[in-house]
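Have the structure open as you read.

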Amino acid sequence: MQRPLLRASSFLLLGIVLTTFINYILHNNKEQSFSSCQDDSDWDLISIQPQDNITDSCKKSREKNNKLTEVCSPVWKNDIQIINNKKHQKNNPQTCQDCRVKIEEMLTIYSKPWVKNKEKHEEMRTWLSRKCRGLENAIITQKNTPLGSIIVYDAEKRHNVKVNSQIFDTFVKKHPVFNKMLHSCAVVGNGGILANSRCGNEIDSAEFVIRCNLAPLLNGYEEHVGVKTDIVTANPSILSKRYGSLLGSRRKFMEKLCQYGSAMILFPAFSYVKHTALCMRAFHTIQDFGSPMQPIYFNPEYLKDLDTFWRSQGWQAVRLSSGMILTSMALELCDTVDLYGFWPFNLHPQTFKELTNHYFDDIRGKSGFHAMPEEFKLLLQLHSEGILRLHVGDCDSKGE
């Protein structure tokens, strides 16, 4: 009698233990499920309905995260690839060796005494004038782009915009400078080769000075890059990244412009659709602050013709750089064209010491967008033919 009672008591005790254990497991799983959902960054974006249980809500959250990951992962992969490529280039001695070989090849051409070739220069000017008509069309004016015109974007050729009165009012009435031939022009790039170059006096001695992308001139740079400015370009990406697309305080942007005095500021307002509103905003900012600077716009028709012209000369890249466009304008405009700060390598041609990408910072542009060594090779060819003069290396401190 005692033995069956003891056996029953044992089964009862075992049942209680098992029940307690199962309840613990179920409760713990439920808490873990809820916890994993709480850690989800998009948990607060999920609307939980009364009929939804925690597991369903977590499922929705994960599905939403997966969609975000599908969209973002190509960008992350691209950034990682760029970083890895930079590391690879930095640690690869062959890259530097190739660089030295290319530099030595180019210096062999450059080392020959430069002699201006008036006939060749005039021939190039005539070709550019016939094919691109820069003196008439490089800059948008109210004359060459009247009210109601259709502007086709330079980089997004499937898009266009009709010139309404608001856009038309931002155009200059006539070419502000391209109405006469100039004796001498200096086109100033931003290459690291200008750092400590003492080229400032030479640059400022030119009759007309064209500069790229709002590069700094003051606080010690004057001796090396000069201060005289007649035209300076402004890349919309700079307005976006450095000045918050001019949507907030605009004072910092205007303080930056003070160093250029009454120069013209040249915007590629019709390269991309997103640039138009930003460049118009810059135009009105300059007006609102009473700046003496004159905003002007590249004509996408001119840029298209210029692209076709240089491709016919053997140049190949996605887009012409600002420096190449400005050099082309100067070749039509000026009897003598001198280039400074155009050097595509990160080694100095004379000392082979490392150079920063720009004379004022070491920020790199998008790889594959501009073919800078190829462009330099083209400029070097023009230099060797006496059509323009490249200045590579340091200048005489007196500017003689």
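## Aromatic pairs

How many aromatic pairs does a search of the whole structure find? The count is eleven, where rings of Phe, Tyr and Trp (its six-membered ring) pair if their centres lie within 6.5 Å, with planes under 30 degrees apart called stacked, over 60 edge-to-face and the rest tilted. One of them is tilted: Tyr-153 and Phe-270, 6.1 Å centre to centre with 50° between the planes. These two sit 117 residues apart in the chain. Tyr-153 is buried at 4% relative accessibility, and Phe-270 is buried too, at 2%; buried means under 20% relative accessible area, exposed over 50% and partly exposed in between (1.4 Å probe, protein chains only).

Tyr-221 and Tyr-359 make an edge-to-face pair, 5.4 Å centre to centre and 70° between the planes. Tyr-221 is partly exposed at 25%, while Tyr-359 is buried at 7%.

## Strand E8

Strand E8 covers residues 334–340, and six of its seven residues are buried. Strands here are DSSP runs (E, at least two residues), numbered from the N terminus. E8 runs parallel to strand E3 (residues 182–188), joined by six bridges; two strands pair if DSSP finds at least two bridges between them. Leu-182 stands opposite Cys-334.

E8 also pairs in the parallel sense with strand E9 (residues 389–391), over three bridges. There, Leu-390 is the bridge partner of Leu-339.

## About the model

This is a predicted model, with residues numbered from 1 along each chain as its sequence is written. Local features need pLDDT of at least 70, side-chain atom pairs count only at pLDDT 80 or more, totals for chains, interfaces and linings use all residues, and side-chain values use heavy atoms, leaving out hydrogens and water.

How values were computed:
Helix = DSSP H or I, 4+ residues; strand = E, 2+ residues; numbered from the N terminus.
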